[in-house]
Amino acid sequence: MDIKLTIDGKEVVVPQGTMLIDACRQAGADIPTFCYDPDLKLAGSCRMCVVQPKGWRNLVASCVTPAQNGMVIETDSPDVIESRKVVLELMLSRHKLTCHTCEKDGECNLQDYCYRYGVTESRFDGKVHNLFKDDSNPFIERDYDKCIMCTRCVRACDEITGARAINIMDRGHHAKISTAFDGELVDSPCVFCGQCIMVCPVGALTSKIAAGKGKAAQNDKVLTTCTYCGTGCTLELNVKNDKIVGVTSNRDPELSPVNRGALCVKGRFGWDFVNSPERLTTPLIKENGEFREASWDEALGLAAEKIKGIKEQYGPDSLSMFSSARITNEENYLAQKLMRAAIGSNNVDHCARL
Amino acid sequence: MAQEYRVLLEYADKINPESASDYIKVGGYKGLEKARSMNPKDLTEEVKKSGLRGRGGAGFNAGMKWSFVPQYPETKYVVCNLDEGEPGTYKDRIICQKNAQALLEGMAICGYAIGSNQGYIYCRGEYPFVVELLKNAIGNAKESGALGEFNIEVRMGAGAYVCGEETALIESIEGHRGEPRFKPPFPGVEGLWRMPTVVNNVETFACLPFILTKGAEWFAGIGAKSYPGTKVLTLTGDIENATYFEVPTDYLLRDVIYELGGGVKGGKKLKAVQVGGTSGAFIPPQNLDTPIDFDSMGAIGAALGSGAVFVMDETRDIVDIVNRIAKFFEHESCGQCTPCREGTFHCKEIMEKINNGRGSLKDIENLKVLTRVMVKASLCGLGQAAPIPITSTLTHFEYEYLRKLM
């Protein structure tokens, strides 16, 4: 059933059960959010998305309030604006303002909304909590002096990855994100997938591997497919001066249909080999105990010739094929086909079977 | 002369609260018997008709609340809120200690109305002796057969004020962090373990047996029309008789203090009275001739809340008291939503600054902005009500703030 409501003077028709935030966005209102993430369970806690329903005593968080028939909503009333400004000031009062060296600079929600609402400083004297977590892991930087407690990382860890490595510790103003017993990630169920980095709206969680190599907002983004396994996750390479300086992910289901932004530790953090001088970039053929560079045609031709020779001399069962999970199902199919139909042996195995 | 009117506490200290047979001797469990002879729908209608409104502070019509519970799910729950964490409030403890069986009977009546056989009592962690008492009372009632199929379990809180908020209470029973849920969905539709749940206060449940035995009209005729019945009040602070009283709801605040309360301690003058617990408004002496019922208190910008009456004499330092209250809320905020998590902290910081003589007019201005946003934008009642002591004293006692400024 459809319901009708008025948002900023515009009439909108939405299906029953639609949250106000979607109805507002349908009406063209730009609703700011921190804790809201369409891929995660609702929290309704940052209170940035508040709007004013006419005749209601208080503002409501539009992300968790279902639209009702006949509602009249204002998304930029003086109360709404004041409320959003104060929420930003409250966040700023405990936020380590080191934007100039922050990896998130340029794509930080806190920065963007402060710009939008003209919040240059906080009226509330706060103190940074000194919650920076000196975590020895090589992947995830945990600077909770920048944390705004939106809990998206907690929900992503639970709902996307299923690791449940982090949660909220302590209460009130002292609440913070932590592992069990406030330890390091390596001693927790963390699998270093970095989904927490992906959903963090500020610079509290960032990649140690990409740190200092280029701010994400200023890098070129190139979509590619991860080669680590046959899943085929979409990676978003961060490219600067024709060099890969980081990997982020794209959550658009059209662009990232397999993983929708989720990656594993290898895909998100295991890319620094790309620029290694030790990397093989061309086939090598060993002659007289020494490697020399060769073309693909030459190398493949040599391999085929040798395989043929072995088969002729010792029979097809003297050969076996050991295949890999790094290639796709289709490629694995072709590999066994090559073995069975072309070479004539059933000696086929695969690393995932061990 | 205004007098007490005891309904829930009529047999206080005359019966053993743990004993079902004692209770039955004075007419107990007749209400449940009557309820079970009725159609559950008619029972809910009867409770609606009595005008009984929640005694925990929100003042929602109890029968109305029950009527939101859908019929179809098999599993439903009745939850009693005994997380009496509001400082200065101890009426639920008194009701349990004087008449625990009435609470159990009330829960069973509610269970019958909504089609639930399972009740939970969530008891404040600081009341271990009440947990003992209730467990004995439940055992005794089950043994006597008075509760029939209806079961009641006691769960103990761990000392968080916010768990008095019904959805945080539910989270706590489920074993999670005591954090309020956003509403809707309301507990009546999706509550404990995501099943339809009625959460009512101890006093609300304890009224039910009497409504059933004496009739909805009888109850609706007591006290204020829009908030009928009696209310158990607990008096604390600078008052001669710092104890509890049960009064009809049209009772005047002045009479609470000067008749039953015996006046301000030591014959001093009254400076302010805070009704409804620590999140209540500070009421100046000129508003004393207000009935204590929900709507009359609302009309003067106050709230009946839990029925705590905290009296302050002329020598008390309002700013110092509010500073202490601000500390309390800073400590008790669960930390979930931004306005409350950071707001209660900054309220405390600013109050401390003013109280220590380091504040300026700018601080008062900031306090006003901050409290306005907390009231309007916080997720639950804690953040929305925490600023009320500040805003009400800024309205009625601003001079106390101004004289402490730099």
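Buried residues make up 62% of the 406 residues in chain B, and 45% of the 354 residues in chain A. The model is a predicted one. Chain B agrees with the globule rule in its radius of gyration, whereas chain A is more spread out than a compact globule. Over all chains, the count of salt bridges comes to 49.

**Chain B: overall form**

- The secondary structure of chain B consists of 17 helices and nine strands.
- The radius of gyration of chain B is 21 Å, which agrees with the value near 22 Å that a compact globule of 406 residues would have.
- The C-alpha trace of chain B spans about 70 × 50 × 35 Å along its principal axes.
- Of the contacts in chain B with a separation of 6 or more, 72% are between residues 24 or more positions apart.
- Chain B has an accessible surface of about 14700 Å², and carbon and sulfur atoms account for 51% of that surface.
- The side chains of chain B include 45 positive and 50 negative ones, and the centres of these two sets are 2 Å apart.

**Chain A: overall form**

- Chain A contains eight helices and 17 strands.
- For 354 residues the globule rule gives 20 Å, but the radius of gyration of chain A is 27 Å, well over that value, so chain A is more spread out than a compact globule.
- Along its principal axes, the C-alpha trace of chain A extends over about 90 × 50 × 40 Å.
- Where contacts in chain A join residues at least 6 apart in sequence, 59% of them are between residues at least 24 apart.
- Chain A carries 43 positive and 47 negative side chains, with the centres of the two sets 3 Å apart.

**Salt bridges**

- E153(B) and R155(B) form a salt bridge in which the closest N and O atoms are 3.0 Å apart. E153(B) is partly exposed because its relative accessibility is 33%, and R155(B) is likewise partly exposed, at 27%.
- D289(B) is joined to R254(B) by a salt bridge, with 2.7 Å between the closest N and O atoms. This pair links distant parts of the chain, 35 residues apart: D289(B) lies in the loop between β8 (282-283) and α11 (294-299) of chain B, and R254(B) lies in helix α10 (residues 253-260) of chain B. D289(B) counts as partly exposed at 48% relative accessibility, as does R254(B) with a relative accessible area of 31%.
- R341(B) forms a salt bridge with E342(B), and their closest N and O atoms are 2.7 Å apart. Both of these residues, R341(B) and E342(B), are buried.
- In chain A, one network joins D37(A), D39(A), R152(A) and R251(A) through salt bridges that share partners.

**The segment after α17 of chain B**

- M406(B) is located in the segment that follows α17 (398-402) of chain B.
- M406(B) counts as exposed because its relative accessibility is 73%, and exposed means over 50%.
- Although M406(B) and R358(B) are 48 residues apart along the chain, their C-alpha atoms are separated by 5.5 Å.
- Apart from its neighbours within four places in sequence, M406(B) is in contact with G357(B), R358(B), G359(B) and S360(B).

Methods
Residues numbered from 1 in each chain as written. Chains lettered and ligands numbered in written order. Predicted model: local features only at pLDDT ≥ 70, side-chain atom pairs only at ≥ 80, totals over all residues. Heavy atoms only, no water. Helix = DSSP H or I, 4+ residues; strand = E, 2+ residues; numbered from the N terminus. Rg over C-alpha atoms; globule rule 2.2 N^0.38 Å. Buried < 20%, exposed > 50% of the residue type's maximum accessible area, 1.4 Å probe, protein only. Contact = heavy atoms within 4.5 Å. Areas by Shrake-Rupley, 256 points an atom, 1.4 Å probe, with all protein chains shown as cover. Lys, Arg positive; Asp, Glu negative; His and termini not counted. Charge placed at Lys NZ, Arg CZ, Asp CG, Glu CD. Salt bridge = Lys/Arg side-chain N within 4 Å of Asp/Glu carboxyl O.
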